Amino acid sequence: MCLVAPSLACGGRETELSRAPIQGESSAKGQHSAEELALAGEPAEAVVQAFQDEQKRAATAAEKKWNDAQLARLHEVYGAKPAQMGFLVDDIQLGAKGDWSRERGSVYQQIAPRLGDGLLDVSFDDREGTLTEVTIVLPGEFNEEVLEKLEQDLTSAWGRSPTKIWYDPTTRQRANLASKLNTLTFTHYRDPIDWVNELPLAMIGTPVEKVIATKGAHRSEDGLVWNGLGLPTGTGDTEFVAYTGAKKVIAISVHVRGDSETVRDALTARLRAKPTMKSDGGQTEWVWLDRVPVALTQHGSDEFSMLIGSAWRSAP
């Protein structure tokens, strides 16, 4: 049998496939593949363009399939209450002890069957076996739609948050959606008043070895370094660096992300003294003059540092 256009006879005449195609054809007649164009003797440029179009359509279809599958699993990553983890990891609690590596027998291996399709992933951070952070990752290079939908879902479940940070004062648990990193991270935080009350104001003059023992600090080029819980409105930990001299602490720097206003009020209450304020070069600083001076410097809207003590230098 010969496949020809209805108006053409079979004997030696042009077939439907080899007729001059394709540009401007009605979409009802369908698209010709690069292979069909090549077999029909079309110019190389048309064949290459058709091949590139096929690749783009295939990539778009694959992205849509992936994103649709992720969208169907978004409900697994968050709970009903603000900053509550979803049933993807609902049997895992911050502060729990365990093996948080990816080795055989670890907690990760126990939940691996839930992650087998690669649509979601989970990472754990710990300090000496105590879980401090759970991060849910949504892999995908072109899944902006998924992240936007997740933000909408979190807003519906947990309330509006322009900073994409949610927290629960009851559990003191915090969640941060980082769209550019495709991550939703859960941590504990310190209430601002408790955070201020636990500042190491009395550490000035403390022997180095005692700080290492009590804070789990480690030595660095800057001094003694350790981390603590962050604030509810920020991300990450609080970073402490103790500067030392004569084997004792002579000053401490503190760096944290979060709103400083409540911290300033709490510090004023703790020190029973009002600070003096000055602005220089776009930065604002508050200074409390006490037996141990304290200075707080604002860096942007959601980040600040503090200096406890009036002098410092690197450890000898």
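Predicted model: local features only at pLDDT ≥ 70, side-chain atom pairs only at ≥ 80, totals over all residues.

Student: Which stretches have a pLDDT below 50?

Tutor: Residues 1-29 do, and in the model that stretch has 24 contacts beyond near neighbours in sequence. Residues 312-316 are also below 50, with 14 such contacts.

Student: OK, and how many helices and strands are in the chain?

Tutor: Seven helices and 13 strands. Of the 316 residues, 37% are buried. If you take the contacts with a separation of 6 or more, 49% of them come from residues 24 or more positions apart.

Student: Let's look at H7. Which of its residues are buried?

Tutor: H7 covers residues 261-271, and Val263, Arg264, Ala266, Leu267 and Leu271 are buried there. They sit on the same side of H7, because their arc around the axis is only 165 degrees.

Student: And what's exposed on the other side of H7?

Tutor: Asp265 and Ala269 are exposed on that other side.

Student: What do the buried residues of H7 pack against?

Tutor: Four elements: helix H5 (192-197) and the strands S11 (283-288), S12 (294-298) and S13 (303-308).

Student: How far is Thr268 from Val196 in space?

Tutor: 9.8 Å, C-alpha to C-alpha, though they are 72 residues apart in sequence.

Student: And what happens just after H7?

Tutor: Arg272 comes there, with a positive phi of about 55 degrees.

Student: Back to S12. How many of its residues are buried?

Tutor: Five of its five, so to speak: the strand is mostly covered. In a regular strand, side chains alternate between the two faces of the sheet. In S12, Val294, Leu296 and Gln298 are on one side, Ala295 and Thr297 are on the other, and all are buried.

Student: Which way do S11 and S12 pair?

Tutor: They pair in the antiparallel sense, over five bridges. Val287 has Ala295 in S12 as its bridge partner. The two strands make a hairpin, with five residues between them.

Student: And S12 with S13, how many bridges there?

Tutor: Five, and those strands run antiparallel. Gln298 stands opposite Phe304 in S13. S12 and S13 form a hairpin as well, with four residues between them, and Gly300 in the turn has a positive phi of about 75 degrees.

Student: New topic: what's the strand order in the open sheet of five strands?

Tutor: S1-S2-S5-S4-S3, with antiparallel pairing. S1 (121-127) and S3 (165-168) are at the edges with a single partner strand each, so one side of each has no neighbour in the sheet. On average, neighbouring strands of this sheet are turned by 20 degrees against each other, direction ignored.

Student: How many bridges join S3 to S4?

Tutor: Four, between antiparallel strands. Trp166, for instance, has Ala175 in S4 as its bridge partner.

Student: Which helix lies across S3, S4 and S5?

Tutor: That's H4, residues 144-158, and it runs at about 150 degrees to S4.

Methods: Residues numbered from 1 in each chain as written. Heavy atoms only, no water. Buried < 20%, exposed > 50% of the residue type's maximum accessible area, 1.4 Å probe, protein only. Arc of directions from axis to C-beta. Contact = heavy atoms within 4.5 Å. Pairing = 2+ DSSP bridges. Axes fitted to C-alpha atoms, helices over the stretch in contact; angles between N-to-C directions. pLDDT = per-residue confidence, 0-100.
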